[in-house]
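Please open the model in your viewer and keep the selection panel at hand. The tour below goes from one selection to the next and says what is found at each stop.

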Amino acid sequence: MPKSYPARLHVLLARDASTAVVIRRGPSKKVAVIGWDRETDEFTVGQWMKGRIYERRCDVSPDGKHFIYFAMNGHWDSETQGAWTAVSRAPYLKALTLIPQGDCWLGGGTFLSSSEYWFNRGYQYSLLRDESGLSCNLEYPWPERYGYECTSVYYPRLLRDGWLLQHREPTGAGDRIALFEKNIDEQWTIHKIAHQTNHNLKGKGCYFDEHMLRNRHTQVAVECPSWEWAEVDGDRLVWAEYGKLFSGRLDANGLIDVKELLDFNTLQYEELEAPY
C-alpha cells in the first residue's frame, strides 16, 4: 500500500465564461481552490483550508464570479458549527454568504443562474452572514431526487451540464453506480461511471468516478480508469489523473495533442487572504 496518494482533483467549469475552479485535496485534511483561465490555461491559487470541501456538493456560477461550497473542519464550537455552506467570490473561500450547519447531512448547492442559487437544505436554517447579493432558492428545482448527500447536488449538476443519465444500478452491500454519457464530437462519446459506496476506499473515498471513451462509428472503446474527473471544454477534452490536469483532442483513432496543463501535486499549503 502506498504511503501517500496523488492530490485529488475535481473541477467546476463556468458555463458562460472561460474560467473554472479547481478543488485540490491532499493531504486529506487540507484543500485548496484554484482559479483556471481556460483561454490561457493559467492557474491562480485562491485559498487553502484545513478541513474538507465536499466537491460534489459545490458549484460555480455561470458567469464564473461566485462559488458555492460545503465544507467541514470539525470545529463544532465555532461560529460555523464545524460544517457549513458558503458562497464566495471564485476562486476564494472567504464567505460572502455563510450558513452554519453543524453536521454533514445535505449542504452545498447549485447555481440556477448567475444571480440565484439553490441551497441543498431540507429543514430550517439560519444565516450567519448574507452579503453575496444573490437570491437563495430553497425549493428543489428538479423533477427527481438522486439521494440526499453528494448525489443530491452532483447528479443534477451533471444533468444540467449536458450529461445524460443512462441507468443506475446497485452493485451489492448498499453500493450503487450511475452511468452518464456525453457526446464529445460527431464520433466520440465519453462515459462517466459514478460510484457511490458505503465504505471509504483509500485514495478515492466513498464517491468516485471512472471514465471511458467510445467511438460511436467503430465501437472502439478506450478505458480511462485513472481519470478521476473529465469534461468536454469546447473543442477539447480536459481531465484529471494522478493529481495532474490534462487537455487533448480526438481523431478517428483516439486522443491526440495531449498536454499536461499543471501538476497540482507540487502545491504546498499556504495561509492566503482573499482580496476582499
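**A tour by selection**

Begin with Arg 249, which is partly exposed at a relative accessible area of 34% (buried means under 20%, exposed over 50%, and partly exposed in between, with a 1.4 Å probe and protein chains only). The model is a predicted one, in which local features need pLDDT of at least 70 and side-chain atom pairs count only at pLDDT 80 or more, while totals for chains, interfaces and linings use all residues. Residues are numbered from 1 along each chain as its sequence is written, and side-chain values use heavy atoms, with hydrogens and water left out.

Asp 235 lies in the loop between E19 and E20 and Arg 249 in strand E21 (residues 244-251), so the pair ties together parts 14 residues apart in sequence; strands are DSSP runs of E, at least two residues, numbered from the N terminus.

Next select the open sheet, where 4 strands follow the order E19-E20-E21-E22 with antiparallel pairing (two strands pair if DSSP finds at least two bridges between them). Its edge strands are E19 (229-233) and E22 (254-263).

Finally, select Arg 236 and Asp 41, both buried, whose salt bridge brings the closest N and O atoms to 3.0 Å. Arg 38, Asp 41, Asp 233 and Arg 236 are linked in a network of salt bridges.

Key: Salt bridge = Lys/Arg side-chain N within 4 Å of Asp/Glu carboxyl O.
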